[in-house]
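Visitor: Could you walk me through this one? I'd like to hear what the side chains are up to.

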Amino acid sequence: MTERIKLPTLSTEKDFDGEEFSPIYTTTVTVHGGAASHGRASGHARSADGALDLDLRMPAELGGDGRGTNPEQLFAAGFAACFHGALSLLARQEALDPAAISVVATVAFGRDPEDGGYLLRVDLVVRWPGVDPATADELIGKADALCPYARMAWRGTPTTITLAS
């Protein structure tokens, strides 16, 4: 017998009127460099609660052995899951069944022509068979405004980098 999974009770409304960022959930993941002293090539990632515990490897396209998870895969999984969650919440509000929704996230790692640095590109494809395309498009637009990963992609994310003492 499978245990029933409780759905999130997060609001889709603009119902927060605080003056500062208000965290609802925080997680911490530590990456060590492994044998090559390089997080992407031979690293190990572990979350503080131990739920995530995996080896990181460089994909073959970047010169690695491709025998492990890489940061782009983790980012694609997070983005797709978050967008799927936002769209599912919105579908339920419209009395639509979100069971058929799937979100495919493609993350490309490449060079930025503006400065020669590195850049990520994300393409999301939503499949939602059986739903009127106009309705799906409207809800996808709302999900784009609701999903924190999509918001990060459009607005950027405040980031601090600190050297621990």
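Guide: Let's begin with Glu138, which is partly exposed at a relative accessible area of 48% (buried is under 20%, exposed over 50%, partly exposed in between, with a 1.4 Å probe and protein chains only). This is a predicted model, where local features need pLDDT of at least 70, side-chain atom pairs count only at pLDDT 80 or more, and totals for chains, interfaces and linings use all residues. Residues are numbered from 1 along each chain as its sequence is written, and side-chain values use heavy atoms, leaving out hydrogens and water.

Visitor: Which residue forms a salt bridge with Glu138?

Guide: A salt bridge needs a side-chain nitrogen of Lys or Arg within 4 Å of a carboxyl oxygen of Asp or Glu. Here the closest N and O atoms are 3.4 Å apart. The partner of Glu138 is Lys142.

Visitor: Which helices does the salt bridge between Arg40 and Glu72 tie together?

Guide: The closest N and O atoms of Arg40 and Glu72 are 2.8 Å apart. The two residues are 32 apart in sequence, so the pair ties together separate parts of the chain: helices α1 and α2.

Visitor: How far apart are the end C-alpha atoms of helix α2?

Guide: The expected span is 1.5 Å times one less than the number of residues. Helix α2 has 23 residues (71–93), so it should span 33 Å. The model agrees, with the end C-alpha atoms apart by 33 Å.

Visitor: Which side chain makes a polar contact with the side chain of Ser47?

Guide: Ser47 is in strand β2 (residues 44–47), and counts as buried because its relative accessibility is 5%. A polar contact is a pair of N or O atoms within 3.5 Å; within protein, one must be able to donate a hydrogen and the other to accept it, and sequence neighbours count only if both atoms are side-chain atoms. At 2.7 Å, the partner of Ser47 is Asp49.

Visitor: Where is Leu62 found?

Guide: Leu62 is partly exposed, with a relative accessible area of 36%. Leu62 is found in the loop between β3 (53–55) and α2.

How values were computed:
Helices (H or I, at least four residues) and strands (E, at least two) are DSSP runs, numbered from the N terminus.
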